[in-house]
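Q: I'd like a close look at one part of this model. Please take me through it step by step.
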Amino acid sequence: MNAMLRSSSSSSDHPLSFTIMHRFLLKLSSSTNPLRNSKNQLPSILPRLLSSTTSNPFTPSESPPPPSKTSHPSNRFLSRSGHPYSDDSFPKSRAFSSNSRDLGVNGSRRCISSEAGRESIEYDVLIIGAGPAGLSAAIRLKQLCLEKNTDLSVCVVEKGAEVGGHIISGNVFEPLALDELLPHWRQEQTPIEIPASSDKFWYLTKNRAISLPSPFDNKGNYVISLSQLVRWLGGKAEELGIEIYPGFSASEVLYDASDKVVGIATKDMGISKDGSKKETFQPGVDIKGRVTLFAEGCRGSLSEKIIKKYKLREEVNAQHQTYALGIKEVWEIDESKHNPGEVVHTLGWPLDPKTYGGSFLYHMNDRQVALGLVVALNYKNPFLNPYEEFQKLKHHPAIKSILEGGTVLQYGARTLNEGGFQSIPYPVFPGGAIIGCSAGFLNVPKIKGTHTAMKSGMLAAEAAFGALHEGSNMNTYWDNLRGSWVWKELYAARNYRPAFEYGLIPGLAVSAMEHYVLKGKVPFTLKHGKADHEATDLARKCKPIEYPKPDGVLSFDVPTSLYRSNTNHDHDQPSHLRLKDPKIPEKVNLPEYAAPESRYCPARVYEYVEDEEGKPKLQINAQNCLHCKACDIKDPKQNIEWTVPEGGGGPAYSVM
């Protein structure tokens with residue numbers, strides 16, 4: 001478990017990204033190195049000129065609020081603490097060599113080499129992303145190795161500083177996939193403790209909550225924190241010998257001469273904002289796999305490149321993906337208002353009838369509730385601000401009465417796939433496969449995707465094992481996926497989301513008919529409307545929306561919320577948010593769409609300021625980024641490209 005310890009720049013003189021890079025290099029270093037056996041001496045090999053300052057995560061024009069005095073409830077599944085190094089942090093260490101060497105590790109093969117100043121390490125299977133899909137794939141691979149009395153080396157690379165640190169979801173968890181993966185989990189100590197006890201479904205007007213028949217059936221499901229579940233899965237993976245490297249950003253796909261994917265390159269660290277190398281510069285590492293599985297989550301940056309390069313949507317005539325932005329807070333409320341396991345979903349206010357979305361309120365353990373608003377990103381009005389809509393939601397009488405007297409523990413945001421069955425690309429490419437939300441397996445009417453993501457990872461693992469050990473190929477992943485309960489579930493739910501293209505009332509009518517009468521067996525499949533970025537209307541066609549100022553009790557400004565996300569990036573690095581054409585913001589977005597990027601971003605990354613001549617200019621506060629990917633999706637001209645920052649940057653969720 002020590003390999004997943006979070007190295008925090010707030011508790012160390014060494015910036016996180018460099019600490020993790022050296023930990024990776026140390027793991028490959030000689031087991032005879034005298035430093036290896038003395039955890040107190042390990043940090044002494046780090047560069048001596050590392051900065052001791054912590055980057056300010058807020059925009060230059062804003063000041064962070066003072067640290068909250070709220071004591072977070074103790075939870076054994078929160079971030080582990082302790083010294084960032086220990087003797088057992090570096091299992092399976094082998095000698096470093098500038099010549100390529102094929103190393104046997106418990107029967108598996110791992111190759112380490114050095115080319116053109118970059119270290120390279122090769123595994124049998126490389127997985128990008130330590131989320132539900134990636135970790136399920138890794139665990140299933142090792143289970144198959146045990147069943148077949150063989151071994152494959154498996155590496156999981158995660159951009160977050162800690163496994164689970166970038167994971168955010170509702171989450172009412174359906175344990176179907178977990179039952180298949182780890183059948184005895186109920187006999188273990190897990191963060192799956194609160195069974196769903198009731199389902200409520202409300203239609204909200206500005207002042208009323210009208211109860212409707214609930215289309216949800218959460219019997220047998222659990223109200224959980226997905227970040228905690230993923231952290232637990234990471235521990236199970238390490239017990240099986242899987243190597244997990246948090247704090248490494250996969251920035252580039254590696255190909256061989258035949259255009260086959262052979263791995264990824266991690267991002268160089270220690271590059272200053274002007275592109276020059278700092279004294280602390282460390283080149284990235286090439287990590288290769290005989291099979292590479294991409295489990296980056298929704299709108300994965302490398303997954304999207306692969307989908308386009310190999311035309312994976314065209315391969316199966318899949319439609320474009322559609323998305324929503326989910327904004328969430330976890331509150332600690334008064335015990336008299338807390339009903340563990342209660343599940344509430346709403347639609348209607350504060351969103352207008354033409355905007356698809358809704359809210360959720362889940363009662364967790366320890367007097368905690370998860371409150372969130374999901375807004376489809378095909379909304380038309382560029383003046384709509386999802387963050388401010390979420391602040392309005394908390395003032396609804398039915399929500400306010402629960403939150404009053406409570407305290408916000410954490411804030412976050414993330415996009416989610418809503419395309420469903422129609423938008424699933426062919427998930428196999430030369431050299432690997434795409435799994436989980438990178439491919440898009442969310443069941444929209446259930447509002448659940450964790451179980452389907454996990455199952456997709458397990459199916460891909462079985463295909464990878466067959467390809468490496470039994471002489472089959474990765475195409476069996478696609479075949480088995482179409483024969484699984486994932487496919488049946490998504491097919492039955494396929495018309496729910498596109499029905500709302502025609503408005504709230506028609507959408508409710510069609511979805512009710514599908515759910516209660518036809519049960520997904522209609523002989524046609526509805527298509528999605530415009531891509532989300534194309535759906536945005538010109539500002540002159542829309543009415544501006546005035547939002548009330550936050551009261552500091554239920555509603556808050558962005559800097560206050562951002563502080564609660566624990567977001568941090570090194571200030572002095574190139575922006576990971578790239579403009580394909582730097583002139584478009586001022587020439588198109590501002591005059592024609594009234595600067596929508598200043599509203600759809602839930603972290604105020606984008607703001608217009610005056611330049612030296614007094615003219616408006618887009619300023620990108622990349623250090624604020626929550627990694628939600630909304631900008632990559634919603635920008636009207638698709639001019640913003642989200643790429644990975646230095647490893648370890650971003651939010652640090654613990655109860656989301």
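At what angle do helix α2 and helix α4 pack, and how far apart are their axes?

A: This model is predicted, and local features need pLDDT of at least 70, side-chain atom pairs count only at pLDDT 80 or more, while totals for chains, interfaces and linings use all residues. Residues are numbered from 1 along each chain as its sequence is written, and side-chain values use heavy atoms, without hydrogens or water.

Helix α2 spans residues 132–147, and helix α4 spans residues 226–239. They pack at about 20°, with axes 10 Å apart (angles run from 0 to 180 degrees between N-to-C directions; helices are DSSP runs of H or I, at least four residues). That makes α2 roughly parallel to α4 (angles under 35 degrees). The crossing of α2 and α4 is left-handed (near helix turned anticlockwise from the far one by less than a right angle).

Now the residues. From α2 come Pro 132, Leu 135 and Ile 139. They meet Leu 226, Val 230, Leu 233, Gly 234, Lys 236 and Ala 237 in α4 (heavy atoms within 4.5 Å). The contact of α2 with α4 has seven nonpolar residues, one polar and one charged. Lys counts as charged and Gly as polar, while Ala, Val, Leu, Ile and Pro count as nonpolar.

The lining of the second largest pocket divides into twelve nonpolar, six polar and nine charged residues.

Technical notes:
Helices (H or I, at least four residues) and strands (E, at least two) are DSSP runs, numbered from the N terminus. Angles under 35 degrees count as roughly parallel, over 145 as roughly antiparallel, 65 to 115 as roughly perpendicular and the rest as oblique.
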